[in-house]
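Good morning, colleagues. Please have the sequence and the coordinates open as I speak.

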Amino acid sequence: MEKKRRIGLLPRVIIAILLGIALGYFLPAPAVRVFLTFNGIFSQFLGFMIPLIIIGLVTPAIAGIGKGAGKMLLATVVIAYVDTIVAGSLSYGTGSWLFPSMIASTGGSMPHIDKATELAPYFTISIPAMVDVMSGLVFSFIVGLGIAYGGLRTLENVFNEFKHIIEKVIEKAIIPLLPYYIFGVFLNMTHNGQARQVLLVFSQIIIVILVLHVLILIYEFCIAGALTKQNPFRLLWNMLPAYLTALGTSSSAATIPVTLAQTEKAGVRKEVAGFVIPLCATIHLSGSAMKITACALTICLLTGLPHGMGLFIYFILMLSIIMVAAPGVPGGAIMAALAPLASILGFNDEAQALMIALYIAMDSFGTACNVTGDGAIAIAINKLFKKNKL
């Protein structure tokens, strides 16, 4: 008996967007309100889950990183974190320069909706979060570091099992329902006359994001090449199989064997590659940070939300920490990023849904940028730590 072929998340999201736009032009308001009701309930569930996602994924991640010892661990974590911040900052700087004029050329802002004609769900269900996002993050750091330095194996097992529950909720409940949620958002936006503006803006923004992810890889390998006195473009070309694998799988974890093999071909010692590459698959998310920052800035510009440099630097700093929690499922980084998007930038349900749709549409490019950059970090660490320092 032949196994049924499952449609991937990206095709389902694209179908949801296209159907939402197509049906939004002629579905009557009562039918649209049915999907708005679903979206209202689902967004409440998402709001409830976000602090639990932070606690369930960040706590074991910090505990796991903290278990390692020595300068190599510290150096790898610092380089990965700084690079992720630099990528997000580059994205913000480029966006602040280019995006206002690009948005102005398409109309300048989201079309205004008269409150009297705005559609509402038939009913809503309130699902308050058990703790707020910042409390969850601080709790995760305290407990994660406590587990790491106290050697608390029982508590570590508890949080590893809790992580398993959270990952299953994301994988079996949130991710499968996302296309329906995104369908409802684009259905409502089309019904209200907003979808055309959003699509016009993001068709241009996506091109900028694709150029930025190439620039990030070039500067990463230029630094690695300068340290090792090797041709950076030859080093980057060597990582092409890892880039293409990540592009096809949208998974850092699935690409680890290829990334390891290509890193060793670049002259990195086996023990260094075996330490750095799996660690960076979790903590180095330069492509994801760049993409989320660019999309978030665009939505802020479209909706009139604050988008000053100080606010976005704070957002990027927090995002770079929180995304360490990104699980190994497609779209995991954006699930973790919903927390700072809501708590720092003030994104509402519709803005968060737009972020999810846009992120998943470009997910494989961010993953490819992340894992290819892991090779540059491994090359740098291999140079900084000679055999006698291991």
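Let me begin with Lys-291, a residue of helix 11, which spans residues 286-303. Please bear in mind throughout that this is a predicted model. Is Lys-291 buried or exposed? Its relative accessible area is 1%, and because the cut-off for a buried residue is under 20%, Lys-291 counts as buried. Which residues does Lys-291 touch, if those up to four places away in sequence are not counted? They are Ile-209, Tyr-359, Met-362, Asp-363 and Gly-366.

The largest nonpolar core comprises 114 residues, and within it Phe-315 and Leu-341 have the most contacts. Helix 6, residues 195-228, supplies the largest share of this core, with twelve residues. Apart from that core lies another, of six residues, including Val-32, Leu-119, Phe-183 and Leu-187. As for Leu-341, its contacts, leaving aside neighbours within four places in sequence, are Ala-296, Phe-315, Ile-334, Gly-346, Phe-347 and Met-355. As general background, nonpolar side chains tend to be buried together in soluble globular proteins.

Finally, the surface. Val-34, Tyr-122, Phe-123 and Ile-125 make a nonpolar surface patch of about 380 Å². One of these residues, Phe-123, sits in the loop between helix 3 (71-104) and helix 4 (133-150). Why is Phe-123 described as partly exposed? Its relative accessible area is 45%, and partly exposed covers values between the 20% limit for buried and the 50% limit for exposed, so Phe-123 belongs to that class.

Key
Residues are numbered from 1 along each chain as its sequence is written. This is a predicted model: local features need pLDDT of at least 70, side-chain atom pairs count only at pLDDT 80 or more; totals for chains, interfaces and linings use all residues. Side-chain values use heavy atoms; hydrogens and water are left out. Patches are made of residues with over 30% relative accessible area and no salt bridge: like charges are joined within 9 Å, nonpolar side chains (Val, Leu, Ile, Met, Phe, Trp, Tyr) within 5 Å. Accessible areas come from the Shrake-Rupley method with a 1.4 Å probe; for residues, only the protein chains shown count as cover. A salt bridge is a side-chain nitrogen of Lys or Arg within 4 Å of a carboxyl oxygen of Asp or Glu. Helices (H or I, at least four residues) and strands (E, at least two) are DSSP runs, numbered from the N terminus. Buried means under 20% relative accessible area, exposed over 50%, partly exposed in between (1.4 Å probe, protein chains only). A nonpolar core is a set of buried Ala, Val, Leu, Ile, Met, Phe, Trp, Tyr and Cys residues joined through side-chain atoms within 4.5 Å. Contact means heavy atoms within 4.5 Å.
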